Amino acid sequence: MKYTYKRGAYWLFVYLFLALIPLIVAISGSTPGNRGFWTELGVAFGFIGFGMLCLQFLFSGRFRKIAPTYGMDNLLQFHREIGILAFLFILAHPLLLLIVDFEFISFIDPKVNALRAISLIFVTIAIILVLASSIWRTAFGLDYEKWRLLHGFLSLAVIFIGTVHSLQVSYYLDPMWKKSAIVLLFLFYGYLVIHTRLTRPWLNRKKPYKVTGVARERGDSWTIKVKPEKHRRVQFICGQFVWLTIGKTPFSLQQHPFTIASSTSDKELSFTSKESGDFTSTWKDIKPGTMVYLEGPFGSFVPERGKNLFLVMGGIGITPAMAMLRSMKDNKDPRQAVLIYANSEWEDVTFREELMELSRKINLKLIHLLEKPPENWEGESGLVSRELLQKYLPENPEHFMYFICGPKPLMDISELALRDLGIDWRLIYTERFEII
Ligand SMILES: Cc1cc2nc3c(=O)[nH]c(=O)nc-3n(C[C@H](O)[C@H](O)[C@H](O)COP(=O)(O)OP(=O)(O)OC[C@H]3O[C@@H](n4cnc5c(N)ncnc54)[C@H](O)[C@@H]3O)c2cc1C
């Protein structure tokens, strides 16, 4: 999907409009008297924060119509940063009101209205918890599934209480149509959560896949192959990923994103996973015949027709490149591909033998980069650097698309270096495996 300024401006406009809907509803039609600039600003902050927070459910990366425009990576980055901004707006709402008029403290006085006070105190704690657990999840030792549950539940609770609070105060929402609009908004965003967590798995239950094989790979990795059970397999573009659930039911907290590593021409789909935690370490015990459910495909880490490929991959970040290169081989695709593949040790280079074979069959220049090379190693060694990328940069860089996937330092260095070397940012695509 091509990035264009026009497309970006369009989505920015749509975003601003959607985020401002609660405020627009509040100030439309008849409005009560002005209580002074700072008070009204404090109230406006509440409506803006509420609108932005609701939109977070739409920009969570789970809606295929939205993700391709900016790419999954950028979308999740946006989700993170805009989430912090939304919560700051919401926190600024009571703070500013209290600074202007301390009488507003009655809103959190249990003697005045116990339920309201408890709800608003809960919202404040919930906001702080959502922010802190998202920024410091790993430092807190919170595992991903528990974090996701907490994140979704608390965020939904905040917008529910926000809706009730705005209806209760009702200063700006007096006519019935305004109240109805705010309730409809809440119901719509609430439904998005239900759609992702319940409706989609419910629809998916009729499209199971069965594991046909499990194979060990170099680098503590395992490949599973799956085939559709009495339905057509999902159509995908190489480089895309799916949300994968392994087991009897698609309703599971253990739903993880995995790149489809097989060629687009294969009847079966293959996924390769590196052991890194509780879910991925179960792959070695998966038995043929196990049921698997897929949701997707998602992602815009995909090559365009006619463009050559410059791939900078590290470790298990090789999976999208495998899909691209395997598809090139199967489709007898004459395009040029350059692969810089960074690993720690030679013995751990996942798909080492297959890559060698691919480099004989397609127009692939394969460069292995090892952090700890064996004795007499004649290839590249060390870490990815600007100098290394420059050395292998093609002579006609504008005819290439640049894909980066691997550990965070490799991605950060490569992206900056490529831009520094004059590559147009619109040609550089990144895929981060660590969402948070
Ligand atoms: C677009 C995309 C494609 C991916 N493709 C591959 C692939 O082809 N091969 C591969 O080995 N890995 C891939 N991953 C990473 C893979 O999803 C995680 O390694 C896996 O979810 C880890 O789960 P765990 O419980 O074993 O490890 P944990 O130790 O619990 O998690 C390790 C890290 O993985 C991420 N993670 C964990 N659970 C989830 C989840 N349910 N949803 C999203 N992220 C999660 C978190 O960032 C976490 O810090 C991909 C990730 C993304 C975002």
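Q: Is the crossing in which α5 passes α6 left-handed or right-handed?
A: This is a predicted model, where local features need pLDDT of at least 70, side-chain atom pairs count only at pLDDT 80 or more, and totals for chains, interfaces and linings use all residues. Residues are numbered from 1 along each chain as its sequence is written, and side-chain values use heavy atoms, without hydrogens and water. Helices (H or I, at least four residues) and strands (E, at least two) are DSSP runs, numbered from the N terminus; a crossing is left-handed if the near helix is turned anticlockwise from the far one by less than a right angle, and right-handed if clockwise. The way α5 passes α6 is left-handed.

Q: How are α5 and α6 oriented to each other?
A: Axes are lines fitted to C-alpha atoms, for helices over the stretch in contact, and angles run from 0 to 180 degrees between N-to-C directions. The axes of α5 (residues 72–100) and α6 (residues 114–135) come within 11 Å and cross at roughly 155 degrees. Under 35 degrees counts as roughly parallel, 65 to 115 as roughly perpendicular, over 145 as roughly antiparallel, and the rest as oblique. The two helices are therefore roughly antiparallel.

Q: Which residues in α6 does α5 meet?
A: Contact means heavy atoms within 4.5 Å. From α5 come I84, F87, I90 and L91. Their partners in α6 are T124, I127, V130, L131 and I135.

Q: How many nonpolar residues does the contact of α5 with α6 have?
A: Ala, Val, Leu, Ile, Met, Phe, Trp, Tyr, Cys and Pro count as nonpolar, Asp, Glu, Lys and Arg as charged, and the others, Gly among them, as polar. The contact has no charged residues and one polar residue. Its nonpolar residues number eight.

Q: Is R352 buried or exposed?
A: R352 sits in helix α11 (residues 352–361). Buried means under 20% relative accessible area, exposed over 50%, partly exposed in between (1.4 Å probe, protein chains only). At 14%, R352 is buried.

Q: Which residues does R352 contact, leaving aside its neighbours within four places in sequence?
A: Sequence neighbours within four places are set aside here. The remaining contacts of R352 are R218, W346 and E347.

Q: Is Y10 buried or exposed?
A: Y10 belongs to helix α1 (residues 5–19). Its relative accessible area is 52%. Y10 is therefore exposed.

Q: What share of the residues in the chain is buried?
A: The chain has 13 helices and 12 strands. It holds 436 residues. The buried share is 50%.
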